[in-house]
Structures are given as structure tokens and as C-alpha cells.
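I opened the notebook to look up charged side-chain pairs. The entries below follow the order in which I checked them.

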Amino acid sequence: MNEVREIPFNDNTLLGIRDETGQIWLAIRKVCSDIGLSDGQTRRQLENLKTDLVFSKGITNLRYPSNGG
């Protein structure tokens with residue numbers, strides 16, 4: 001079963017999810033929002049990660065049901 005954790009970071013809270021294999025996933029869109037990036041800047045950073053040689057290997061879209069999205 002997946003385990004959701006809120007991780008304190010620079011006066012904000014990051015959302016992390018540990019999957020069944022123990023792999024930890026970080027909600028990049030929320031991180032970008034929490035550090036003050038605009039929607040456009042967030043989209044650009046997501047595109048940068050998808051095309052990066054190293055980071056692109058660890059990126060996936062996860063759907064995790066929650067109250068309010």
C-alpha cells in the first residue's frame with residue numbers, strides 16, 4: 001500500500017509518496033508551487049525534467065486520490 005508523507009522543507013510542506021517497492025516519489029508540481037513558481041514556470045520546469053538525460057528516467061505521472069485533488 002502507498003504511504004503519503006508530508007515533508008517539512010523551507011517553511012513549506014512537500015508531498016512524498018512511498019510505493020509498494022519502497023521507492024519514494026515527490027510531487028514536483030507541488031514543489032514548484034511551494035517555492036513560488038508561476039504556472040508557466042512550473043510547466044517549463046516539468047518539461048525541463050522530462051527532457052533531462054538523468055531526471056527523465058525517474059519521472060512518471062502518478063494519480064493519487066485525495067480529498068480535494
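**Salt bridges, notebook entries**

I started with a network: salt bridges link Glu 3, Arg 5 and Arg 18. I note that the model is predicted.

How many salt bridges did I count? The count is four.

I looked up Arg 18 and found a salt bridge to Glu 3, with the closest N and O atoms 3.6 Å apart. I then checked accessibility. Arg 18 is partly exposed at 36%. Glu 3 is partly exposed as well, at 31% relative accessible area.

Entry on helix H1. I asked which side chain meets Asp 34 in a salt bridge. The partner is Lys 30, at 2.7 Å from N to O. Asp 34 and Lys 30 are about one helical turn apart, because they sit four residues apart in helix H1 (residues 28-34). I read 33% relative accessible area for Lys 30, so Lys 30 is partly exposed.

Entry on helix H2. I found Glu 47 in a salt bridge with Lys 50, and their closest N and O atoms are 3.6 Å apart. Both residues lie in helix H2 (residues 39-51), three residues apart, which is about one turn of the helix. Is Glu 47 partly exposed or buried? Glu 47 is partly exposed, with 40% relative accessibility. Lys 50, at 45%, also counts as partly exposed.

Key
Residues numbered from 1 in each chain as written. Predicted model: local features only at pLDDT ≥ 70, side-chain atom pairs only at ≥ 80, totals over all residues. Heavy atoms only, no water. Buried < 20%, exposed > 50% of the residue type's maximum accessible area, 1.4 Å probe, protein only. Helix = DSSP H or I, 4+ residues; strand = E, 2+ residues; numbered from the N terminus.
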